[in-house]
Amino acid sequence: MERNGEGHEFTRATLSFLLLSFRAALAREESALLISQRPARNTKPMSKKFRVFATCDIGESIELLRKRGYEVEVYPDPQAPPKKLIIEKVKSGIDGLITTLRDPIDAEVFAAGDGTLKVVAQFAVGFDNINRADANRYKIPFTNTPDVLTEATAEFAFFILGALARKMWAAEHLTRENKWTFWHPYLPFLGDEVTGKTVAIIGTGRIGLAMIKKCTGFDMNILCYDPAYQNHEYVLAIQETMDLRHERGIQKDKTWIKYTSFEDALKQADFVSVHVPLLRENESATPTYHLFNESTLRMMKPTAFLVNTSRGPVVDEAALAKALRENWIAGAALDVYEKEPLPADSPLRDPAIEDRCRLYPHFASAGKITRLSTDPNKGMAGRCVQGLIDVLEGNYGGDLTKMPCVVNKEAFGQ
């Protein structure tokens with residue numbers, strides 16, 4: 001009877017997890033179907049030659065546009081072009097503008113393209129650099145590249161969490177600088193294990209959920225916080241998977257996952273991984289600007305680590321530097337900053353905290369396929385270009401509100 005009972009639990013948990021996986025796969029297929037539902041036009045040149053200016057080179061996807069008859073000019077330098085140049089290009093009558101997070105796109109740019117500029121295609125999921133209200137005022141759609149960088153960003157967040165905890169930067173420097181002169185059980189330093197610890201996932205959108213999936217594989221207990229949306233079905237499936245792993249002997253100890261308050265998440269977690277959008281006071285009832293400040297950083301355990309791969313201004317950098325100097329927390333790893341590139345005088349560059357503060361160059365999505373694949377279901381470049389094509393070539397019957405990559409649908413009567 002016990003074996004039958006175990007088999008029943010195994011079947012129930014497995015079916016539940018498979019059902020959730022099927023629903024997620026179905027959602028991805030529906031998204032892919034929306035993106036692929038457009039007239040057959042891949043080999044036929046356009047009757048109208050669209051003019052596009054790209055503020056950076058996004059690889060082979062540029063050539064795909066040219067093969068379609070587009071006239072595309074690419075800013076050749078690796079640094080961002082001056083805003084003055086962007087305005088000049090827009091004034092010249094371009095139809096499309098390809099941008100990145102480093103390009104300020106506001107009323108000046110939209111006014112320069114009033115009557116001629118038809119779309120701004122952002123090479124990023126985030127669009128903090130684009131003034132949405134200004135885009136709406138001039139009724140110019142802008143697009144982004146959602147979903148394709150979900151797994152890459154989540155795995156990078158987990159990697160830097162581990163690198164921070166295990167002191168890999170300090171260990172490599174010890175070796176490269178020829179200071180490794182003896183082996184000892186605990187000198188000159190020890191790192192912290194990740195397996196079996198408690199992680200707080202702040203923000204349970206696509207990337208937050210992907211991070212949860214990865215933490216599950218390391219037998220971690222998981223605290224979830226999201227002020228806007230709670231995916232209880234996903235959490236239930238993860239818990240059933242945890243239980244099954246324990247029952248089948250895959251993991252030694254029982255683990256758990258649950259939603260909790262922000263304060264409780266910070267107080268209990270060994271690791272805090274941030275995955276929220278940037279929302280300011282005038283944009284949301286639950287703003288995230290400086291969500292991590294002196295007050296909230298003091299809530300964390302002195303042995304805890306903070307990882308931020310979301311948006312830079314979510315963390316008050318001056319407060320974080322102080323928290324590290326005064327040992328309120330054990331360490332931090334950041335891939336995004338309040339100002340990018342990170343200024344030379346940033347408090348995060350303080351040599352006194354460099355062994356506990358890992359700094360990366362907005363690098364989380366920097367995988368070959370994720371950044372440059374021409375496939376709009378795999379790469380940011382492909383999805384960026386597809387969003388541009390959708391608008392300029394009038395896919396979805398020219399209905400901007402149905403185009404999956406258009407962000408500011410509200411400007412067009414949705």
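Student: Which residues make the nonpolar surface patch of about 430 Å²?
Tutor: This is a predicted model, in which local features need pLDDT of at least 70, side-chain atom pairs count only at pLDDT 80 or more, and totals for chains, interfaces and linings use all residues. Residues are numbered from 1 along each chain as its sequence is written, and side-chain values use heavy atoms, with hydrogens and water left out. A patch takes residues with over 30% relative accessible area and no salt bridge, nonpolar side chains (Val, Leu, Ile, Met, Phe, Trp, Tyr) being joined within 5 Å and like charges within 9 Å; a salt bridge is a side-chain nitrogen of Lys or Arg within 4 Å of a carboxyl oxygen of Asp or Glu. Areas follow Shrake-Rupley with a 1.4 Å probe, and for residues only the protein chains shown count as cover. The patch is made by Phe182, Tyr186, Leu187 and Leu190.

Student: Is Leu190 buried or exposed?
Tutor: Leu190 is in the loop between α7 (168-176) and β6 (198-202); helices (H or I, at least four residues) and strands (E, at least two) are DSSP runs numbered from the N terminus. Buried means under 20% relative accessible area, exposed over 50%, and partly exposed in between (1.4 Å probe, protein chains only). Because its relative accessibility is 53%, Leu190 counts as exposed.

Student: Which residues does Arg245 contact, leaving aside neighbours within four places in sequence?
Tutor: Arg245 lies in helix α9 (residues 232-247) and is buried, at 18% relative accessible area. Contact means heavy atoms within 4.5 Å. With those neighbours left aside, the contacts of Arg245 are Thr216, Gly217, Asp219, Ile250 and Gln251.
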